[in-house]
Amino acid sequence: MLLRRIYQFFIIYLLGIALLFALKYTLRLSDYVIPSPDEIWRTGRDYAGPYLLAVLNTLAVAILGHLLSICLATAVAVLGRLTAWVGSFIRTAAYNIQAYPIVAVAPIIFILLGDGLASRLLIAAMICYFPLLLSFIGIFSEPVSDIEHFYESTRRMTWRLQVKIRAFENIHKLTTVIVGSATMAMVGTIVAEFIAATAGIGYSIRIALYQSDLAKILVALFLIGIGTSLYLVGLERAGNALQKRLKSI
Amino acid sequence: MQIDFDRICFRYPNSAGDLFNDLSLRIAAPGFHALFGPSGVGKTTLARMLTGAVAGFSGAIRTEGVRQVFYTYNLERLPGWSSVREHFAETTPAANRTRLEELIAAFGIEACVGARFNRLSMGQQNRTNLVRYLLQDFDVLIMDESLANVDELTREKIILKIKALFPERCFLYISHNVAEVARFCSQILILRGVSKAPQVVCVQGTDLAQGAVPPPERLERAMLEIVHAA
């Protein structure tokens with residue numbers, strides 16, 4: 001699983017680099033626009049260390065933001081499964097709000113909270129929250145009649161049991177959605193660092209952008225890809241282990 | 001114990017025609033009764049009306065001496081997070097715990113109670129599901145093809161055991177097996193299409209008990225009456 005993800009990333013990354021070089025040599029672009037392979041290699045050697053630390057910093061915030069959004073989405077989806085007006089209101093609000101590009105709200109958060117961890121965390125959590133919420137609402141609102149019927153009939157059904165049944169029956173879907181939203185958390189954190197941080201790989205990319213240093217950006221992208229792949233593999237492994245444990249005798 | 005369906009008229013929303021038109025029937029005593037009829041005639045709907053799960057009909061359902069009605073069907077499942085025995089332990093009222101082992105043995109599921117539900121065969125799943133309902137406090141239990149995946153011999157043993165263990169309760173057995181309902185059921189309520197009047201015909205089954213052999217001519221007559229009425 002890990003090797004497959006890393007292979008996939010390497011293929012995409014190398015294809016991207018190949019395309020850049022094809023453009024460079026076809027259009028005879030200068031090293032200032034697209035750096036030479038030698039310059040990229042040297043930049044990689046000089047900046048791999050500090051950029052790796054910056055990626056780890058970003059990854060830590062992304063994981064924290066992801067966890068935050070999973071907890072929040074679970075809590076809201078548990079309320080949203082209700083058939084009463086509260087549930088209906090939450091479902092309608094979620095469907096409407098998710099249609100709005102949350103990235104556009106990021107500057108407001110920056111203005112209100114300024115630079116720093118809080119802004120990065122909040123923006124990261126918000127960007128992966130709505131896709132999670134919609135899936136969670138769908139999963140927790142869908143009755144599993146074949147199992148729930150007995151508990152409803154015998155009046156043993158509690159909200160905890162209902163959530164447990166629906167989560168257990170949809171554990172594969174939940175895992176897939178959580179793994180899928182992990183990339184969004186990473187994207188959200190980097191976006192936050194572009195505008196509201198003095199740390200993290202997004203901040204490093206912003207500086208490289210001001211310096212028009214494409215080599216640094218390519219090195220940063222390489223490390224982001226590796227970091228994200230490792231996080232996704234970690235989540236997939238945890239999800240598979242959980243599913244295996246729940247379904248084994 | 002008495003259950004009366006009095007002049008029931010019902011049509012599903014967006015449906016072209018009535019499902020029931022002036023349907024009346026009476027179950028006058030506890031015992032093992034059947035609800036019989038072709039597919040789509042409304043057996044499940046009628047059963048669910050009795051539990052209160054289907055509303056929006058005209059007429060009345062009146063009961064005497066009935067406090068708790070359960071409806072069970074053959075597609076029900078137990079949650080997969082623990083073994084069947086653990087589920088039984090969680091869902092069996094304290095007063096009925098003494099019956100648990102007896103039912104497990106009678107239903108032939110001793111070997112599989114340690115496993116999770118999704119590891120069982122469909123026949124074992126049907127039996128397991130029925131056991132947990134039988135362990136509840138009920139007056140009427142509707143069994144909607146609850147033993148559909150169980151072989152004939154085991155099904156016979158189970159039905160006879162249920163009849164022996166719960167003579168004071170009322171069972172409404174929904175099945176498409178003419179011979180089975182004719183042999184084991186007391187009152188066989190044959191539900192017919194809405195175009196036929198009356199919509200329900202009652203035939204007396206042989207109500208076979210454990211160890212008894214039904215007179216062949218009685219059984220044959222009951223079967224003929226069922227086929228003729230349906």
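Helices (H or I, at least four residues) and strands (E, at least two) are DSSP runs, numbered from the N terminus. The model examined here is predicted, so local features need pLDDT of at least 70 and side-chain atom pairs count only at pLDDT 80 or more, while totals for chains, interfaces and linings use all residues. Residues are numbered from 1 along each chain as its sequence is written, chains are lettered from A and ligands numbered from 1 in the order in which they are written, and side-chain values use heavy atoms, with hydrogens and water left out.

**Exercise 1. State the secondary structure content of chain A and the extent of its C-alpha atoms.**

Step 1. Chain A contains ten helices and zero strands. Read from the N terminus, its elements follow the order α-α-α-α-α-α-α-α-α-α.

Step 2. Along the principal axes, the C-alpha atoms of chain A fill a box of roughly 75 × 45 × 30 Å.

**Exercise 2. Classify the packing of helices α2 and α9 of chain A.**

Step 1. Axes are lines fitted to C-alpha atoms, for helices over the stretch in contact, and angles run from 0 to 180 degrees between N-to-C directions. Helix α2 (residues 37-80) and helix α9 (residues 201-210) of chain A pack at about 130 degrees, and their axes are 7 Å apart.

Step 2. Therefore α2(A) is oblique to α9(A), since angles under 35 degrees count as roughly parallel, over 145 as roughly antiparallel, 65 to 115 as roughly perpendicular and the rest as oblique.

Step 3. Contact means heavy atoms within 4.5 Å. On α2(A) the contact is made by A:Tyr51, A:Ala54, A:Val55 and A:Thr58, and on α9(A) by A:Ile201, A:Gly202, A:Ser204 and A:Ala208.

Step 4. These residues divide into five nonpolar, three polar and no charged. Here Ala, Val, Leu, Ile, Met, Phe, Trp, Tyr, Cys and Pro count as nonpolar, Asp, Glu, Lys and Arg as charged, and the others, Gly among them, as polar.

**Exercise 3. Describe the interface of chain A and chain B.**

Step 1. Chain A gives 21 residues to the contact and chain B gives 22 residues. Together the chains bury about 1,900 Å², 54% of it on carbon and sulfur atoms; buried area is the accessible area (1.4 Å probe) that two parts lose on being put together, summed over both.

Step 2. The rule finds one salt bridge across this interface, a salt bridge being a side-chain nitrogen of Lys or Arg within 4 Å of a carboxyl oxygen of Asp or Glu. The partners are A:Glu169 and B:Arg77, whose closest N and O atoms are 3.0 Å apart.

Step 3. On the side of chain A that touches chain B, α6 (145-153), α7 (159-169) and α10 (214-247) each supply at least two residues. The largest share, seven residues, comes from α6(A). That side of chain A divides into nine nonpolar, five polar and seven charged residues.

**Exercise 4. Identify the backbone features at B:Pro198 and B:Asn14.**

Step 1. Most residues other than glycine have a negative phi, and most peptide bonds are trans.

Step 2. The peptide bond from B:Ala197 to B:Pro198 is cis, with omega near -5 degrees. B:Pro198 lies in the loop between β8 (187-191) and β9 (200-204) of chain B.

Step 3. B:Asn14 is not a glycine, although its phi is positive, about 65 degrees. The loop between β1 (2-10) and β2 (20-27) of chain B holds B:Asn14.
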